[in-house]
Amino acid sequence: MSDEHQKLYGQLCDHARRTALVASIAEILGWDERTQLPPAGGDYRAEQSTYLAGEVHRRWTDPRFGELIEKLLQTPLAADPGSGSAVVLRRLKRQRDKRMKLPQTLVEELARTAVLGQQAWEEARKRNDFPRFQPLLEKMIELKRQQAAALGYPERPYDALLDDFEPEERTANVARVLSGLREALVPLVAAIQASPRRPNSEILKRAYPQAAQAAFGRAAAEAIGFDFRRGRLDVTAHPFTAGLGPHDCRITTRYDEHAFNQAFFGTMHESGHGLYEQGLPTEDYGLPLGESISLGIHESQSRWWENFVGRSRAFWQHFFPLAQRQFPEALQDVSADDFYFAVNDVRPSLIRIEADEATYNLHILIRFELELALLEDGLKVADLPGAWNEKYRQTLDVTPPRDADGVLQDVHWSAGLVGYFPTYSLGNLYAAQFFVQARTDLGDLDAQFARGEFRPLLEWLREKIHRCGQRRTASELIQDVTGKPLSHEPLMEHLRTKFTPLYGL
Ligand code: ZN
């Protein structure tokens, strides 16, 4: 291929990498805002962040950048669809085209409504006052309809919004997989509910001093492979992970001295996100080859370490004696079996983020159905609290006593994140299906976990998933790695295998 093409491709990559550099500075400010920023610093931080967001948008929509993409797509650099350059060109074009389709006025209106919406939501939740939030949510849903119309969609409006979080995924496919999951999951949860066996979950509410929790969580994160030379663990109110550069990944958690699960499984969860970030090819940072595939695949990595590893019996064979040494007061009279049952307590509840491994996906199904109905089927925002409560009653047999514990519990819709919820369940489903393959490829994983050995498992993820960057879409990846399209069966099999003996089903 010609030097001229190589030169233009170099310019294109420089542009993309510089855009990523600006975006990473915005990320650092975002991390700081959520972990360090004094309250009075918020207004000026908003100005800083808005400035950088504008800069990123300007760079994406720069006509010269568009010309480079279009020109290079006509060259041999785009000819072999599997080549690195073709992947870069295809993904950059896709992202840029989406940005170009949205009118500036709509982008600004969405950003403004998201800020006002979150403020109104926070007040409304505090005061248990849905009507206070209703007008802003109505406005947001209307804007999301406009956004879907501007972007266009293959089959239905929800496709356009889902694509922001799960590129190239279709609503119909998600609905098919999730409805299969619902059909199998509801009877399993009912059977667990009917079982007379219950774990003693009180042992997880004993005294767990924060310093000991921090040390224990950090040791577990290190054991599964999180690299603290290239990352940090800090405290925040709403845990998250932020990749701030090729060698700088921040994970966060929060502590409650009378709730073991929160910080520990939170740290395992965010470490899973962090391991994915740390496993992306650093030489391609700032290009699609160095970026994660989708939120669903990202969530598969967090759930992998949190649930498939961290809530397994073999994991606690290794870690429970260490936990007993770290928390002698709380755990000296507790057996490993009782502890394992307690961290696997299944209990239908009102709050998504506190839900167990089995009922969690039912919380997601409810949100998925409701946002579809809001966007496409004429469900009125005014009728949303009633619809929410009705679905909780039908699906989980619980009724929120007040909207603050019901329809007002999540920030997502207020911030314009419509189409986001299903990625949580997709993550669980991907993780389960990948895990079956890892067991086939790596042999007796339980024996490895019991020895505190996680390296082979992490290497497997690195090779099959992390290093791939965006060379494949999520559905291509699951097909390539497991030989099958996404299905609800592996997750159900995992849940049945775990809960049947625990609850004597
Ligand atoms: Zn997550």
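Mentor: Cysteine 249 has a relative accessibility of 3% and therefore counts as buried (under 20% relative accessible area, with exposed over 50% and partly exposed in between; 1.4 Å probe, protein chains only). The model is predicted, so local features need pLDDT of at least 70 and side-chain atom pairs count only at pLDDT 80 or more, while totals for chains, interfaces and linings use all residues. Residues are numbered from 1 along each chain as its sequence is written, and side-chain values use heavy atoms, with hydrogens and water left out.

The structure holds 0 disulfides (pairs of cysteine sulfur atoms within 2.5 Å). For cysteine 249, the nearest cysteine sulfur is that of cysteine 468, 18 Å away. For cysteine 468, it is that of cysteine 13, at 17 Å. Cysteine 468 is likewise buried, at 4% relative accessibility.

Turning to the sheet, 3 strands form an open, mixed arrangement in the order E1-E3-E2. Strands (E, at least two residues) and helices (H or I, at least four) are DSSP runs numbered from the N terminus, and two strands pair if DSSP finds at least two bridges between them. E1 (231-235) and E2 (241-245) are edge strands with a single partner each, so one side of each lacks a neighbour in the sheet. Neighbouring strands are turned by 20 degrees against each other on average, direction ignored. E1 pairs with E3 (residues 248-253) in the parallel sense over 5 bridges, and leucine 233 stands opposite isoleucine 251 in E3.

Helix H1 (residues 3-35) packs on the sheet and touches E1, E2 and E3, its direction making about 140 degrees with that of E2. Helix H10 (residues 260-279) also touches E1, E2 and E3, at about 165 degrees to the direction of E3. Contact means heavy atoms within 4.5 Å; axes are lines fitted to C-alpha atoms, for helices over the stretch in contact, and angles run from 0 to 180 degrees between N-to-C directions.
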